[in-house]
Amino acid sequence: MEKIRVRFAPSPTGELHIGGARTALFNWLFARRYGGEMILRIDDTDRQRSSPEYLKTILTSLRWLGLDWDEGPEIGGNHGPYTQSEHLEVYSEIAHKLVEEGKAYLCFCSAEELTAAKEKQREKGLPPRYNGCCRNITSEEREKRKAAGSYIIRFLSPEKGETIVDDLIRGKVTFENKIFDDFIIVKSDGLPTYNFASVIDDQNMNITHVIRAEEHLSNTPRQVMIALKLGYEVPLYAHVPMILAPDHSKLSKRHGATSVQEYRELGILPEALLNYLSLLGWSPGEDKEIMDIKEIISFFSLERVSKNPAIYDIKKLIWLNGHYLRTMELEEVVDRALPFLKEENLISEEIAPEEYEKIKIIVDLVRERVKTLREVADASLYFFRDEFEYDEKGVEKHFRKEGAADLLNQISSALENAEPFQPEEIKEELEKLSKKLEIPLSQINLPTRLALTGRTMGPDLMGLIAVLGKRKAAERLKKVIDLFNLA
């Protein structure tokens with residue numbers, strides 16, 4: 001069997017968005033599942049919109065996700081260069097060879113002429129398309145116009161018959177050739193079109209399978225036509241389903257983060273994002289949802305990719321991320337959380353060993369109730385800062401009532417008696433106070449939490465108090481009495 005070679009070919013005209021990341025993942029999974037190779041190719045012929053900054057972001061995002069490539073930028077390989085802008089001479093040479101063989105031709109129509117011709121077609125109730133007026137001009141006229149100005153190169157599309165795409169997901173898709181006009185393969189600035197360059201690159205890089213988004217299905221018959229005219233072997237195609245918003249509209253920023261970089265900044269773990277992306281249009285069966293990357297590879301096949309649109313749901317991603325935060329090795333979570341803690345100026349750049357151990361305890365406490373790494377930082381704030389806001393409703397309920405100061409003082413005394421100052425001993429002293437005052441433990445725990453953290457919800461209270469320490473706990477209880485004039 002021929003070795004499988006797939007490619008992911010992003011354009012550096014923006015950040016890597018969720019659709020592109022899903023396409024990259026499916027290619028990568030297919031290659032890894034069947035012992036193939038993944039090639040990263042940069043389709044950068046859109047000179048106006050392409051930028052080195054976007055390319056850097058795309059490469060960084062892929063590496064962050066763990067989607068490595070076997071050939072491509074920063075790695076090299078035997079089929080480079082892996083950037084289309086470095087192949088312009090090759091595209092031009094092949095295009096002009098097609099012209100010489102009568103399989104393509106020069107078109108000199110101006111934009112105004114093309115618009116006028118299409119408008120006439122609309123008036124006749126016909127689909128607006130190129131009318132082929134330059135197809136049969138004489139060689140003398142062609143050379144005369146060529147010398148006078150710019151031109152484009154059009155592919156001579158077959159007028160009869162049909163082009164069949166054997167799609168590995170959708171089955172046989174048939175296109176009537178009469179629906180295609182003579183489409184452009186080289187633009188007036190000499191740059192190749194996407195359809196033309198892709199075919200040549202896929203051939204030169206020995207691509208066996210083209211796995212891409214469904215929106216490219218309309219491009220595929222054109223690419224098949226070009227490949228056949230050039231005498232190339234047509235790769236196998238697989239068009240994965242579109243990703244739609246929960247309301248089945250086109251996915252946009254209003255439905256949540258849309259780029260990998262945004263997810264990273266939000267505090268999503270790459271393991272969770274990969275897990276979630278794998279489920280967008282693919283299923284391992286047996287209602288299995290939570291899988292590590294090795295499991296996903298072992299289950300993956302194109303046969304299990306759906307034809308139906310995948311529905312994007314950021315709530316599910318956040319839920320999945322919370323699961324990974326709770327179950328991942330603690331030190332791994334701590335190391336991922338450190339940049340977020342530093343960003344909030346909660347910890348210093350250089351961390352002493354004893355400080356790291358304290359951070360571990362804090363992260364372990366808060367990770368049970370948070371869903372993202374950014375929430376880890378927010379939930380940890382009161383461990384590192386003495387200045388924070390107090391929940392207004394909580395203050396009104398627990399502090400603005402008779403006897404609040406006396407209760408807080410008694411809580412402080414109870415904590416003073418806890419020896420050693422550990423969760424079990426702290427709980428024991430607060431339970432003693434509960435019995436002494438003949439009130440539920442909750443009526444002690446809630447004002448204690450509010451006084452120590454400014455919040456009414458959070459991690460295990462006894463563990464929280466132990467981390468803060470006896471002195472700081474006493475200081476914060478006294479501060480509340482003074483701050484809200486409870487004495």
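Which residue stands opposite Arg212 in β9? His239 in β9 stands opposite Arg212.

Before going on, note what is on screen. This is a predicted model, where local features need pLDDT of at least 70, side-chain atom pairs count only at pLDDT 80 or more, and totals for chains, interfaces and linings use all residues. Residues are numbered from 1 along each chain as its sequence is written, and side-chain values use heavy atoms, with hydrogens and water left out.

**Stop 1: β8 and β9**

Select residues 209-213, strand β8, and residues 236-240, strand β9. Five bridges join β8 to β9, and the two run parallel. Strands pair here if DSSP finds at least two bridges between them. Helices (H or I, at least four residues) and strands (E, at least two) are DSSP runs, numbered from the N terminus. Now colour β9 by burial. Four of the five residues of β9 are buried, so this strand is mostly covered. Buried means under 20% relative accessible area, exposed over 50%, and partly exposed in between (1.4 Å probe, protein chains only).

**Stop 2: an open sheet**

Next, find β3, β4 and β7. These three strands form an open sheet in the order β3-β4-β7, with antiparallel pairing. Which strands stand at the edges? Select 104-107 for β3 and 184-186 for β7. Each has a single partner strand, so one side of each is left without a neighbour in the sheet. Look along the sheet: the twist averages 40° from one strand to the next. Strands of a sheet pair through backbone hydrogen bonds, either parallel or antiparallel.

Show Leu106, which stands opposite Ile153 in β4.

**Stop 3: helix α7 and what follows**

Select residues 220-230, helix α7. Its buried residues are Thr220, Pro221, Gln223, Val224, Met225, Ile226 and Ala227. Step one place past the helix. Gly231 follows α7, and its phi is positive, near 80°.

Now show Arg222 and Phe183. Arg222 lies over the face of Phe183, at 5.8 Å from the ring centre. A charge sits over a ring if NZ of Lys or CZ of Arg is within 6 Å of the ring centre and within 35 degrees of the ring normal.

**Stop 4: an aromatic cluster**

How many aromatic pairs does a search of the whole structure find? The search finds eleven. Rings of Phe, Tyr and Trp (its six-membered ring) pair if their centres lie within 6.5 Å; planes under 30 degrees apart count as stacked, over 60 as edge-to-face and the rest as tilted.

Select Phe388 and Tyr390. They form a tilted pair, 5.3 Å centre to centre, with 55° between the planes. Both Phe388 and Tyr390 are buried.

Then select Phe399 and Phe484. This pair is also tilted: 5.7 Å centre to centre, 45° between the planes. It links distant parts of the chain, 85 residues apart. Phe399 is in the loop between α15 (392-398) and α16 (404-417), and Phe484 is in the segment after α20 (470-483). Phe399 and Phe484 are buried.

Show the four rings together. Phe388, Tyr390, Phe399 and Phe484 form one aromatic cluster.

**Stop 5: two crossing helices**

Select α9 (residues 270-278) and α11 (residues 314-327). Their axes come within 9 Å and cross at roughly 135°. Axes are lines fitted to C-alpha atoms, for helices over the stretch in contact, and angles run from 0 to 180 degrees between N-to-C directions. The two helices are therefore oblique to each other. Angles under 35 degrees count as roughly parallel, over 145 as roughly antiparallel, 65 to 115 as roughly perpendicular and the rest as oblique.

**Stop 6: backbone details**

Select Gly80 and Pro81. A cis peptide bond joins them, with omega about -5°. Pro81 is in the loop between α2 (52-65) and α3 (88-100).

Another cis peptide bond joins Glu419 and Pro420, with omega about -10°. Look for Pro420 in the loop between α16 and α17 (423-437).

Finish at His248, in the loop between β10 (243-244) and α8 (260-266). His248 is not a glycine, yet its phi is positive, about 70°. Is His248 buried or exposed? His248 is exposed, with a relative accessible area of 55%.
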